[in-house]
Each structure stands twice: as structure tokens, then as C-alpha cells.
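Q: Can we go through the aromatic side chains in this one? Start wherever you like.

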Amino acid sequence: RRPTLTLPIFHVNAFTRQPFAGNPAAVCLLPAGGADPAWMQRVAAQMNLSETAFVSPEGDGHRLRWFTPRVEVDLCGHATLASAHVLWEQSLPRREAVRFFTKSGLLTVTCSGEHIEMDFPARPAEPAPAPLELARALGAPLRWAGRNGMDWLVEVEDEPAVRELRPDLALLETLPVRGIIVTARSASPAFDFVSRFFAPAAGVPEDPVTGSAHCALGPFWAARLGKLDLRAYQASARGGEVLVRVAGERVYLGGEAIAVLRGELCV
């Protein structure tokens, strides 16, 4: 028999402190030098989660790459949070910040107790006319529409309109963007705004909690509400809370994580 190489792999729920809530991500720890991208894509398809993260030591930090079941993406919040959580659980002292080298530049993650904060680039959406396919696919009146380099961001009338969306995913998949962020002001005093995120073109019909979407949502709601510290709720079936702090060209995203499965990936 050929010898089998095994790699540590973890199933982590991000933006929650509860098992079986928040957004699940797989985190695979690789040796220095990483792995073949085609192999990583196959692993992500096998895991069949919205994102699988691959982490390998590099210089004074770690190289981090994210894959959906279908494509590699340039930025992902929940799998970054999950990756930092795994490194602190496995090897790094919690007082030590984690430096990730990514396709979106250097991302630094810090920990205070159980709270994890990620330093991400702001990705504000610029106002733009919504394509007819977008409004038709969502089936709800749009109060505002704009886009950044990754996604469409649309505001709808209120929180019930966000929660009651039943979008035409096949039509959304035809739009040439990573995904569609839908948001409204929160009806609850516990939160400032709510959102949902759909990315069928990337192989993710609806993402449970999307950290990177808040790189656009943070600047959007900071300007409208006149405050830089925001509390957000992503109203998917699993749901999750995201703390958002807007600081110029950066957005700080906060949350917690919990590992629900640890194992070995046989290569």
C-alpha cells in the first residue's frame, strides 16, 4: 500500500458562540509552501461548505487562501475568523496577533478573551443603476443600489422585506459579480442593520454569515446612521452577529468562533 499523508482539518462555526449556528468553514493546515490550487479546489468541493480555508506558514505569518465549492475568492471574513481561531487553539498564544497574507493584502487578526477582531479593507459600494435582472430576481422594491469590485449591495424597505426574500437564484447567477448583499435597517434596538447574502455564481446559494460583505455594509450604514461602531445581524436560517467598526479605509469585524469537528484529511 502507498503511504498516506494526513493533514489536520477542522470544521469551525464562525460569528457565533453556539454549536450549529453562525457560518461553518473548513480550515485545512498545510505545510510551508501550500498546495496545488487544483487540489485545494477539489478539497473545497468535497467539504461542500461556503468556504474552505487553506493555511500555511510563511515568513512572519501565514498564507491564507479561500475556496468555495466552485471557485477561489479574493476575500472571506468567516473563514479568516475560523482560521485564526484554529491557529490559536493549535499553536499560537492568544496574545499574539495572526498575520495572514492573502489576495486582498495583509489581514491582521487579534483576540481579546473569546472575542476575535479582523482588520479588513473597506470596500464601499458606489451608487449604480440596478440591472433589471437584479430587481426581478429579488422580487422586492429597491430603495438603493450600488456595487463595489465584488458584489451588488441593495437596500430594501425594512427588515421583514429582507427576511421574507425568496430570490430567483438562477437569475441572480447570471449577474457578473461574486454575490448580492441585501440589507435594511434593523427593527430591533439590539442591532443597527440586518442583511442577507446570495452568491449562486460562486456556488453558494445563500451564505449564512458573510464577513466580507460587511466591508461594504459598514461604510454604507456608518454614513446613514452617523456612527462608526455598528452591530449587525445576518438574517439567514442559521443567523449570526457581526460587530463592525469603520475606520477610514479599514473595517474591523468582530465575532466569536467554535470548532465542532476535528479530523485528518487523507492525501
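A: Start with Phe220. Phe220 counts as buried, at 5% relative accessibility (buried means under 20% relative accessible area, exposed over 50%, partly exposed in between, with a 1.4 Å probe and protein chains only). This is a predicted model: local features need pLDDT of at least 70, side-chain atom pairs count only at pLDDT 80 or more, and totals for chains, interfaces and linings use all residues. Residues are numbered from 1 along each chain as its sequence is written, and side-chain values use heavy atoms, with hydrogens and water left out.

Q: How many aromatic pairs are there?

A: Six. Rings of Phe, Tyr and Trp (its six-membered ring) pair if their centres lie within 6.5 Å; planes under 30 degrees apart count as stacked, over 60 as edge-to-face and the rest as tilted. One of the pairs is Phe193 with Trp221, which is stacked, at 5.8 Å centre to centre and 10° between the planes.

Q: Which parts does that pair tie together?

A: Phe193 is in strand 13 (residues 193-199) and Trp221 is in helix 6 (residues 214-225), so the pair links parts 28 residues apart in sequence. Helices (H or I, at least four residues) and strands (E, at least two) are DSSP runs, numbered from the N terminus.

Q: And how do Phe220 and Trp221 pair?

A: Edge-to-face, with 5.1 Å centre to centre and 90° between the planes. Trp221 has a relative accessible area of 3%, so Trp221 is buried.

Q: Which residues form the aromatic cluster?

A: Trp144, Phe193, Phe220 and Trp221.

Q: New topic. Which charge lies over Phe220?

A: Arg224, at 3.6 Å from the ring centre. The cut-off is NZ of Lys or CZ of Arg within 6 Å of the ring centre and within 35 degrees of the ring normal. Arg245 also has its charged end over a ring, that of Tyr252, 4.1 Å from the centre.
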